[in-house]
Amino acid sequence: MKKAMNIFGSMILMMVIISCGKKTEQPVQQTLFSGKLAKVSFGGGYSDSFYYRQDGKLDKIIIFSDLGGTTYKEVYQFAYNSIGKVASVQIENGAEFRYAYVNDQVTAVSRYENGVKMSYKFINYVGQGTRLESIEDYEKTSPGAIGFAYTFKQEYTYHPDGNLKEEIRYQINQNGQATKYQTTRYDNYDQHLNVDNTFRHFLYLSGVPITVNNPTKITRRDEIAGSEQVYNYQFTYNGKAAPVKRTMSTGPLGSTETEVTYSYY
């Protein structure tokens with residue numbers, strides 16, 4: 001579960017999302033999808049490619065890496081229910097994610113392997129369902145276990161303008177006690193569209209609004225060790241104010257840089 005979730009997450013953060021999309025799987029340009037996100041390239045052979053159905057809904061995401069002649073590819077196939085919400089996401093390795101809704105909002109996501117339920121998440125909202133409040137994780141303690149243990153929790157707070165302010169993560173021990181182990185803070189937002197928001201942690205938060213604009217400073221604090229790491233971001237935009245490049249540096253600007261590029265249909 002964590003591997004799959006973190007694949008796309010490193011796209012924004014980080015969060016975390018060591019993802020990819022195959023070079024030979026370049027999206028075909030179609031006027032119907034003009035302006036939609038087509039590909040995010042992380043450099044070093046990593047990228048994510050996005051494909052859409054005729055009605056414009058996301059059809060699949062292909063993650064791909066090509067490092068030193070060793071390639072890795074995984075396809076995430078989306079299926080929808082009668083009201084147009086994501087019903088499931090199937091992965092080539094046999095894993096499947098199934099979604100439950102209340103009042104058109106996803107409230108639970110369960111992960112299955114070869115038809116066996118292995119874990120699930122509860123998703124909670126505030127503000128009459130307008131903002132994500134927390135996510136609770138439940139996992140099997142062993143592959144053959146019957147029940148599930150409450151293992152992790154994430155809490156979310158927001159800036160006055162509605163953009164994400166903090167994501168706080170807790171580990172839950174066998175006695176149900178929570179220990180804060182990581183806090184990620186998002187600051188210095190620009191006024192441009194965040195195209196990652198639609199897909200951020202796409203297996204669990206697809207369609208759940210978290211942020212509208214792009215944070216240019218992210219601070220991650222290890223609450224156990226008491227250490228912090230600052231990530232600075234700079235964006236380049238096209239004529240439609242959508243990002244085409246994101247440069248990240250750790251510590252002082254320019255110290256250690258990585259570059260992400262965005263392409264569109």
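In the predicted model, the largest nonpolar core comprises 51 residues, among which L37, Y76, F78, L132 and L205 touch the most other members.

With regard to the protein as a whole, the secondary structure consists of 2 helices and 16 strands. Buried residues account for 49% of the 265 residues, while the protein exposes about 12800 Å², of which carbon and sulfur atoms supply 49%.

Strand β4, which spans residues 70-80, includes T71. This residue, T71, has a relative accessible area of 49% and is therefore classed as partly exposed, given that the class of exposed residues begins over 50%. Residues up to four places away in sequence not being counted, T71 touches F64, S65 and D66. The C-alpha atoms of T71 and G45 lie 8.9 Å apart in space, although the two residues are separated by 26 residues in sequence.

As for the confidence of the prediction, the mean pLDDT of the protein is 82, and 83% of its residues reach 70 or more. Over residues 1-25, however, pLDDT stays under 50, and for this segment the model has 119 contacts beyond four places in sequence.

How values were computed
Residues are numbered from 1 along each chain as its sequence is written. This is a predicted model: local features need pLDDT of at least 70, side-chain atom pairs count only at pLDDT 80 or more; totals for chains, interfaces and linings use all residues. Side-chain values use heavy atoms; hydrogens and water are left out. Helices (H or I, at least four residues) and strands (E, at least two) are DSSP runs, numbered from the N terminus. Buried means under 20% relative accessible area, exposed over 50%, partly exposed in between (1.4 Å probe, protein chains only). Accessible areas come from the Shrake-Rupley method with a 1.4 Å probe; for residues, only the protein chains shown count as cover. Contact means heavy atoms within 4.5 Å. A nonpolar core is a set of buried Ala, Val, Leu, Ile, Met, Phe, Trp, Tyr and Cys residues joined through side-chain atoms within 4.5 Å. pLDDT is the predictor's confidence in each residue, from 0 to 100.
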